[in-house]
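Biologist: I am new to this one. Could you take me through it, one question at a time?

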Amino acid sequence: MIALLRYLIGNARLAGGLLLLGGLIAFSAIGLVVYDTELAYPLSAPIAREPSAAHPFGTDASGRDLLAVMIAGTLLTMKVGLIAGALGVGIGAVLGFVAATYGGWVDRIISGTVDVLLTVPGLLVLIVLASSIPGDLDTTDMALVIAALAWREPARQIRAQALVLREANYIRMSRLSGAGNLSVIFADMMPNLLPYLGASLVAAVSGAVLSSVGLEALGLGSRSEPTLGMTIYWMMLEGAFIRGLWWWVLEPIVVLVVLFVGLYLLSSGLDEFANPRLRTAS
Amino acid sequence: MILSRLLRRLPMLLAVVVTAATLNFALPKLAPKNPVETKLLEMAEQGGSLTDISGLIRSYEERFGLDQPVIVQYFSYLKGLATFDLGYSLAFYPTRVADLILKALPWTIGLLLTSTLIAFVIGLLFGALIAWNRAPRLARVIAPGVMALAALPYYLLGLALTYVFAFIWQIFPLGGGYSLMALPSWSWAFALDVFYHSLLPALSIVLASIGTWALTTRGLMVTVQGEDYMVYAEANGLSERRRFLHYGLRNVMLPQVTALALHLGHIAAGAVLVERVFNYPGVGMLLFRAIEQSDYFVIYGVVYIVVLMIAIAMLIVDLIYPLLDPRIRAEARQ
């Protein structure tokens, strides 16, 4: 415990990221218990009211209580990020390990595909994908849509790491002892790359949150769920600026800034933890 | 030499563009209900008040040759794209998608080109400066703040800037490409108006991307500072300014130019949302309107054109790279 604290003091980014995200999670977890999140849906409160005792964060133009929206929205947005990020790293890890251990044409196909797809701007392809699906996308659909491209970076990075590992002596040893490809991947490589996989999971979650909020701000998200991105969408669509509803503008911005900066700090802090070579650079 | 580089890069460019085109072609077909057909049916049901729907449906069927096998449809689609035949807008029927994009493109290119270049130059200088041993104290103090901005998407920063400078202080307009009263013309007054309206959107892109460039440049500069030629330059008594600019920054610039090429997609995607926030009349706003109206041909057209532009921009960056790196020129001469 003391060692952990001492490490956190040295790695200020990790500490800062944990603090911001921990704060945000605590806010929504406590809110979930003590506040009525049913108020996050339209027509459950008076319309366009300034923050007051009854509605501490005010209400929006469709009668959603914004405190309830922030609580429910933070959780929904994190859910999308976690599902899409986990799927992305999962698929990416499989492809990366397979490409690195099997080599040859398998590797050429996988890394060729990843290279081409990485050059295509992700958000734009996701826009085509999300708009081609008829009907309302709920948060689970949104996570799946984002996962369709979220595996690209993990696949490339994990392949690169696995290629380095492949030449390590203990991997050669286990090959000489007759271990097959799968055994090398699961028994030898995976455990050694765990911190690295953790770091790339956080990076993937962070990227997925970024994409989902972006898609939602363009109106491609769920119209019946109060996510943070949809709050931005409604706020812009219904002209919160022109109508002077400052609280409706300010609150989602603040929550999203905390979320993005927190994820960014956590991600670069973990990178430093998983990739000690970076430590000398900073 | 440029020709051989071009030839080497061309297959990748083609692969990227064809992938984007293929996704545009395949995704609506893979969806459980073809969204384009659903939209057309919907419009036909609304009937009379709208424009000539039957003409639209006929042109849709002709264009995709829907009675042909899928593979024939696919190749005629690719042929159409190669000649920039992007079809018609569903929402404004007789208008061609290509015309809509052509009208919006100058706004986006103008905004993106200037803000990206400014951010790149400032970010490089700033990042190199904070890695430099004798950096000004001010640079060190503001560094963490600038880095934190890198975590934010452009549009979020755009919203925050709008809140402060257009909503509370009202020194900048809330949005738009020019004032409602102004008539587009080639006059100084109009140019000034356009410039004034572009400042906040450009600032949000610049501020958010400076951090990204500064962060990577700092890492590179730390490595460069440890090189022997830096020690040698100092031993020769070269001025600090010369060592910083000609020995440090010059070497850091090369990998960063490559990074710029790889980042273009990111920047373009981010700009789409910035244009939405500021109601800026570029392709991002066009895309947003098209999404609102389920105007599929405009959506597909914009995405295809943006992917194409990015691929071409990457190619251009790649071709000017030899101009920056004398080693590649020397290699080519041998």
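Modeller: Buried means under 20% relative accessible area, exposed over 50%, and partly exposed in between, with a 1.4 Å probe and protein chains only. This is a predicted model: local features need pLDDT of at least 70, side-chain atom pairs count only at pLDDT 80 or more, and totals for chains, interfaces and linings use all residues. Residues are numbered from 1 along each chain as its sequence is written, chains are lettered from A and ligands numbered from 1 in the order written, and side-chain values use heavy atoms, with hydrogens and water left out.

Biologist: Is B:Phe244 buried or exposed?

Modeller: Its relative accessibility is 10%. The cut-off for buried is under 20%. B:Phe244 therefore counts as buried.

Biologist: What kind of aromatic pair do B:Trp132 and B:Phe244 form?

Modeller: Rings of Phe, Tyr and Trp (its six-membered ring) pair if their centres lie within 6.5 Å; planes under 30 degrees apart count as stacked, over 60 as edge-to-face and the rest as tilted. Here the centres are 5.1 Å apart, with 80° between the planes. The pair is edge-to-face.

Biologist: How many residues apart in sequence are the parts that this pair ties together?

Modeller: Helices (H or I, at least four residues) are DSSP runs, numbered from the N terminus. B:Trp132 sits in the loop between helix H5 (97-131) and H6 of chain B, and B:Phe244 in helix H10 of chain B. So the parts tied together are 112 residues apart.

Biologist: How many aromatic pairs does the structure hold, and how is the pair of B:Phe25 and B:Tyr77 classed?

Modeller: Over all chains there are 18 aromatic pairs. For B:Phe25 and B:Tyr77, the ring centres are 5.4 Å apart and the planes lie at 45°, so this pair is tilted. B:Phe25 is in helix H1 and B:Tyr77 in helix H4 (residues 70-82) of chain B, 52 residues apart. The values asked for: 18 pairs, and tilted.

Biologist: Which residues do ring pairs link into a cluster?

Modeller: B:Phe25 and B:Tyr77 are both buried. The cluster linked by ring pairs is B:Phe25, B:Tyr74, B:Phe75 and B:Tyr77.

Biologist: What area is buried between chain B and chain A?

Modeller: Buried area is the accessible area (1.4 Å probe) that two parts lose on being put together, summed over both. The contact (heavy atoms within 4.5 Å) takes 46 residues from chain B and 42 residues from chain A. Carbon and sulfur atoms give 81% of the buried area. The total is about 3,900 Å².

Biologist: Which side chains meet in a salt bridge?

Modeller: The rule asks for a side-chain nitrogen of Lys or Arg within 4 Å of a carboxyl oxygen of Asp or Glu. Across the interface of chain B and chain A it finds 1 salt bridge. The distance is 3.9 Å, N to O, between B:Glu292 and A:Arg223.

Biologist: Why does B:Gln170 count as exposed?

Modeller: B:Gln170 lies in the loop between helix H7 (154-168) and helix H8 (188-225) of chain B. Its phi is near 55°, positive in a residue other than glycine. Most residues other than glycine have a negative phi. B:Gln170 counts as exposed because its relative accessibility is 60%.

How values were computed. Helix = DSSP H or I, 4+ residues; strand = E, 2+ residues; numbered from the N terminus.
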